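Please look through the sequence and the model below, and keep both at hand while reading. The text goes from charged pairs to the packing of helices and then to a loop.

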Amino acid sequence: NPPAKSYTTSLFQAGVPKIGAKILEEAREVVEAAGEAGADQPGTAGRQHVVYEAGDVIYHLFVLLGHLNIPLDEVSTELQRRFGISGIDEKASRNHNA
């Protein structure tokens, strides 16, 4: 019984288009924050801004995975599969017709 006044509930009800739009928006914001002064220095406002925006990206990605009933362990298994493989080689090996 999800709470009616929950932001997460409203995203689930809106579906993939809304959740996907939020992921794109938050990804843009984290990249912008990463370009701020001090983003690479612990204890700065720039760094905290990156952390804040990264939290938003991860939250919205988790909402999308939950909406699609994809458990995090499936994503973890995929990342483990890629471990030790060049990113270039892994991308080239994908079935582009799927």
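In this predicted model, Glu25 has a relative accessible area of 29%, so it counts as partly exposed. Its partner in a salt bridge is Lys22, with the closest N and O atoms 3.3 Å apart. Lys22 has a relative accessibility of 14% and therefore counts as buried, since the limit for buried is under 20%. Both residues belong to helix 2 and lie three residues apart, about one turn of the helix. An α-helix has 3.6 residues a turn, so residues three or four places apart point the same way. Lys22 and Glu25 also belong to a network of salt bridges that includes Glu26.

A salt bridge also links the side chains of Arg28 and Glu29, at 4.0 Å from N to O. Arg28 is partly exposed at 44%, whereas Glu29 is buried at 19%. In helix 4, Glu78 and Arg81 are three residues apart, about one helical turn, and their closest N and O atoms are 2.7 Å apart in a salt bridge. The count of salt bridges comes to six.

How do helix 1 and helix 2 cross? Their axes come within 5 Å and cross at roughly 120°, so the two helices are oblique to each other. Tyr7, Leu11 and Ala14 of helix 1 make the contact with residues of helix 2, among them Val16, Ile19 and Lys22. Helix 1 is followed by Gly15, which has a positive phi near 85°.

Asn69 also has a positive phi, near 55°, although it is not a glycine. Asn69 sits in the loop between helix 3 and helix 4 and is exposed, with a relative accessible area of 67%.

Key: Residues are numbered from 1 along each chain as its sequence is written. This is a predicted model: local features need pLDDT of at least 70, side-chain atom pairs count only at pLDDT 80 or more; totals for chains, interfaces and linings use all residues. Side-chain values use heavy atoms; hydrogens and water are left out. Axes are lines fitted to C-alpha atoms, for helices over the stretch in contact, and angles run from 0 to 180 degrees between N-to-C directions. Helices (H or I, at least four residues) and strands (E, at least two) are DSSP runs, numbered from the N terminus. Angles under 35 degrees count as roughly parallel, over 145 as roughly antiparallel, 65 to 115 as roughly perpendicular and the rest as oblique. Contact means heavy atoms within 4.5 Å. Buried means under 20% relative accessible area, exposed over 50%, partly exposed in between (1.4 Å probe, protein chains only).
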